[in-house]
Amino acid sequence: MKLLPILCALALCVSSASAAGVHAGSEVADKLIKALVHDDYASFVADGDAAFKGLTKEQFEGAVKQLSARLKSGYEVTWLGELKQKGFTVSLWKLTFKDGGDDLLGTLSLKDGKVGGFWIK
């Protein structure tokens, strides 16, 4: 009879740990997406590693041109999971747009608290 409360408590601990892990990546992804919406290059590269900071303003503006209108019309970001790749934690995101068009897949690569890559496909 006492097993059920223990299992429920364990499930709550696992859920809380998972939510905390997702939340950290969510904040970074949210910041990067908002930088695209507001055409804010400095904010976009601020938390990047040396290679990520090598992204030129022109490259950034190309992404803004392609995505900004759809993002401004409204979007929802859904966390799909994460991978370990070459020392990075890569989180996967689904972007669904209010315009009803195609969804996009986003990936965010983090290592030692720095952004190593951010792609929306």
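**Hairpins, a pocket and a cavity**

I start at Lys86, which sits in the loop between β1 (75–85) and β2 (88–97). Strands here, like helices, are DSSP runs numbered from the N terminus, with at least two residues (E) for a strand and at least four (H or I) for a helix.

Before going on, a word on where the values come from. This is a predicted model, in which local features need pLDDT of at least 70 and side-chain atom pairs count only at pLDDT 80 or more, while totals for chains, interfaces and linings use all residues. Residues are numbered from 1 along each chain as its sequence is written, and side-chain values use heavy atoms, with hydrogens and water left out.

Now the overall layout. The protein chain has 4 helices and 4 strands, and along the sequence they come in the pattern α-α-α-α-β-β-β-β. Of its 121 residues, 28% are buried. Buried means under 20% relative accessible area, exposed means over 50%, and partly exposed is in between, using a 1.4 Å probe and protein chains only. The chain exposes about 7700 Å², and carbon and sulfur atoms supply 61% of that area. Accessible areas come from the Shrake-Rupley method with a 1.4 Å probe; for residues, only the protein chains shown count as cover.

Back to Lys86. What is its phi? Lys86 has a positive phi of about 50°, although it is not a glycine. In general, most residues other than glycine have a negative phi. Lys86 is exposed because its relative accessible area is 81%. The two strands around Lys86 form a hairpin with 2 residues between them. β1 and β2 run antiparallel and are joined by 10 bridges; two strands count as paired if DSSP finds at least two bridges between them. Within this pair, Val77 stands opposite Leu95 in β2.

The other hairpin is made of β3 and β4, with 2 residues between the strands. β3 and β4 also run antiparallel, with 6 bridges joining them. One of the residues to look at is Leu108, whose bridge partner in β4 is Phe118. In the loop between β3 and β4 you find Asp112. Asp112 has a positive phi of about 55° and is not a glycine. Is Asp112 buried or exposed? Asp112 is exposed, because its relative accessible area is 74%.

Ser109 belongs to strand β3, which covers residues 104–111. Ser109 is buried, since its relative accessible area is 8%. Leaving out residues up to four places away in sequence, Ser109 touches Phe88, Thr89, Val90, Lys114, Val115, Gly116, Gly117 and Trp119. A contact means heavy atoms within 4.5 Å. For the chain as a whole, among contacts between residues at least 6 apart in sequence, 42% join residues at least 24 apart.

Val28 is an example from the helical part. Val28 is in helix α1, residues 3–37, and is partly exposed, because its relative accessible area is 21%. Not counting residues up to four places away in sequence, Val28 touches Leu108, Leu110 and Val115. The C-alpha atoms of Val28 and Gly113 are separated by 9.6 Å, and the two residues are 85 apart along the chain.

On a 1 Å grid over the protein atoms alone, a cavity is a set of points where a 1.4 Å probe fits but cannot get out; a pocket is an open set with protein on both sides within 12 Å along at least five of seven lines; and lining residues have an atom within 4 Å of a point. Grid points are joined across faces, edges and corners, and a volume is the space filled by probe spheres set on the points.

The count is 1 cavity of 30 Å³ or more, and the largest cavity holds about 30 Å³. Which residues line the largest cavity? They are Val28, Lys31, Leu32, Ser43, Phe44, Asp47 and Val115. The largest share of that lining, 3 residues, comes from α1.

The largest pocket holds about 310 Å³. Its lining has 15 residues, and Phe44, Leu55, Ala63, Phe118 and Trp119 lie nearest the centre. The elements giving two or more residues to this lining are α3 (50–53), α4 (57–72) and β4 (114–120).
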